[in-house]
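Take a look at the model below. We will walk through it a few residues at a time.

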Amino acid sequence: MIKKTAENGTGWMMAAALAASLFIVPAPAAAQSVPVSADTISKRIDLAGRQRMLAERMAAHFCYARSQIDTFESLDELKASLELFHETHTGFKRGNDDLNLFVEENASVLKAWSQVNLLWVPLKGLYEQILNGEFVTEEDYALANGLTLEVRARANDMVAQLRAAYAEDLGGDGFGDALLIDLYGRQRMLSQKLSKEVCLVAGGFELDTTQPELEATLRLFERSLGAFVEGLPVAGVPKPPTQEIADQLSVASDEWEKIGFTAQTIVTGGSVGLNDLATFRVGSTKFLREMNKAVQMLAALNADPS
């Protein structure tokens, strides 16, 4: 465990005030004529899965900033993740050429989007408060963590609605690839959920719930990563479809091997230092980067099966 610093967060609040001087949430891109195709549907599922990850990533870097771990960098990451989440969120509904998102017209998907939006609006407001350097109470901190879980859950529902709504457009093989894209994408989310929970448990935040949650997340993360690299047909996880994707998954796995011991130490009740947590924060981002490459390679394969 490390000593909690949320009570005396003057340093991170000053850093947040500085970050706020550059804080601009981008306006939604004007809707354009992006077509509905296997390519754009695969991209849509990939980005919808990424939203789950971004929700956890924002919470993780909020925790690091409050714990005064790489405060400026953590606030920068929070700001960038918020902007990306919001741009993608609005793009799902209105369309966004830069993200290759078409205007959504399917009623079930729009309903799922609205459920995300209902929760995203107050969470976004809390993060903007933080980035403006305003004081955040312990109650608001707990609220932000609770909203994160709800936003992620509703974003997950939206992924499922997208797969169901566009299954016919994707075809049989395409639907199977879309499911694999979703599974790979979930691994990105789990890496950031782990990062958040490592920070929360190390800081002593609501240990009755966060400690067992971290243990469960770590177990799922490591089992599923091994299944992706080796394949686990009994669980419906095929081997990587190409050697290039297999190699990329191995690169991601290597990044995890460099930092996994920190999570294991915390799960077993051991103590870690601020430097260990800073290293874990950076390492989880490196894993995320490499895992994201694997997702993009799979999405590109789905778009161009030749």
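Where is the place of aspartate 70? Aspartate 70 sits in the loop between α2 and α3. Keep in mind that this is a predicted model. Aspartate 70 is not a glycine, yet its phi is positive, at about 50°. Its relative accessibility is 25%, so aspartate 70 counts as partly exposed.

The loop between α2 and α3 (71-94) also holds glutamine 68. Glutamine 68 is a residue other than glycine, and its phi is positive too, near 60°. With a relative accessible area of 36%, glutamine 68 is partly exposed.

Now step back into the helices. How many disulfides does a search of the whole structure find? The search finds 1. Cysteine 63 and cysteine 199 form the disulfide, and their sulfur atoms lie 2.1 Å apart. Cysteine 63 belongs to helix α2 (residues 38-66) and cysteine 199 to helix α6 (residues 167-202), so the bond ties together parts that are 136 residues apart in sequence. The link of cysteine 63 and cysteine 199 is left-handed, with -95° about the S-S bond. Are these two cysteines buried or exposed? Cysteine 63 is buried, and cysteine 199 is buried as well.

Next come the rings. A pair of aromatic rings is described by two things: the distance of the centres and the angle of the planes. The count of aromatic pairs here comes to 9. One of them joins phenylalanine 102 and tyrosine 166. Their centres are 5.7 Å apart, with 75° between the planes, and the pair is edge-to-face. Phenylalanine 102 lies in the loop between α3 and α4 (107-131), while tyrosine 166 lies in the loop between α5 (138-165) and α6, so this pair ties together parts that are 64 residues apart in sequence. Phenylalanine 102 is buried, at a relative accessible area of 2%. Tyrosine 166 has 8% relative accessibility and counts as buried.

The charged end of arginine 44 sits over the ring of phenylalanine 102, 3.9 Å from the ring's centre.

Which residues do ring pairs link into a cluster? They are Phe62, Tyr127, Tyr141 and Phe205. Look at Tyr141 again. Arginine 66 lies over the face of tyrosine 141, 4.1 Å from the ring centre.

Move on to arginine 188. This residue is found in helix α6. Is arginine 188 buried or exposed? At 1% relative accessibility, arginine 188 counts as buried. What does arginine 188 touch, leaving out residues up to four places away in sequence? Its contacts are Asp46, Gly49, Arg50, Met53, Leu288, Met291, Asn292 and Val295. Phenylalanine 221 is 33 residues from arginine 188 along the chain, and their C-alpha atoms are separated by 9.5 Å.

End with helix α8. Helix α8 covers residues 243-257, which is 15 residues. From its first C-alpha to its last, helix α8 reaches 21 Å. That is close to the 21 Å expected at 1.5 Å a residue. Which residues of α8 are buried? The buried ones are Ile245, Ala246, Gln248, Leu249, Ala252, Ser253, Glu255 and Trp256. Here is a rule to hold against that list. An α-helix has 3.6 residues a turn, so residues three or four places apart point the same way. Trace the buried residues of α8, from Ile245 and Ala246 on, in the structure.

Definitions and conventions:
Residues numbered from 1 in each chain as written. Predicted model: local features only at pLDDT ≥ 70, side-chain atom pairs only at ≥ 80, totals over all residues. Heavy atoms only, no water. Disulfide = S-S within 2.5 Å. Helix = DSSP H or I, 4+ residues; strand = E, 2+ residues; numbered from the N terminus. Buried < 20%, exposed > 50% of the residue type's maximum accessible area, 1.4 Å probe, protein only. Phe/Tyr/Trp six-rings, centres within 6.5 Å; stacked < 30°, edge-to-face > 60°. Lys NZ or Arg CZ within 6 Å of the ring centre and 35° of its normal. Expected span 1.5 Å × (residues − 1). Contact = heavy atoms within 4.5 Å.
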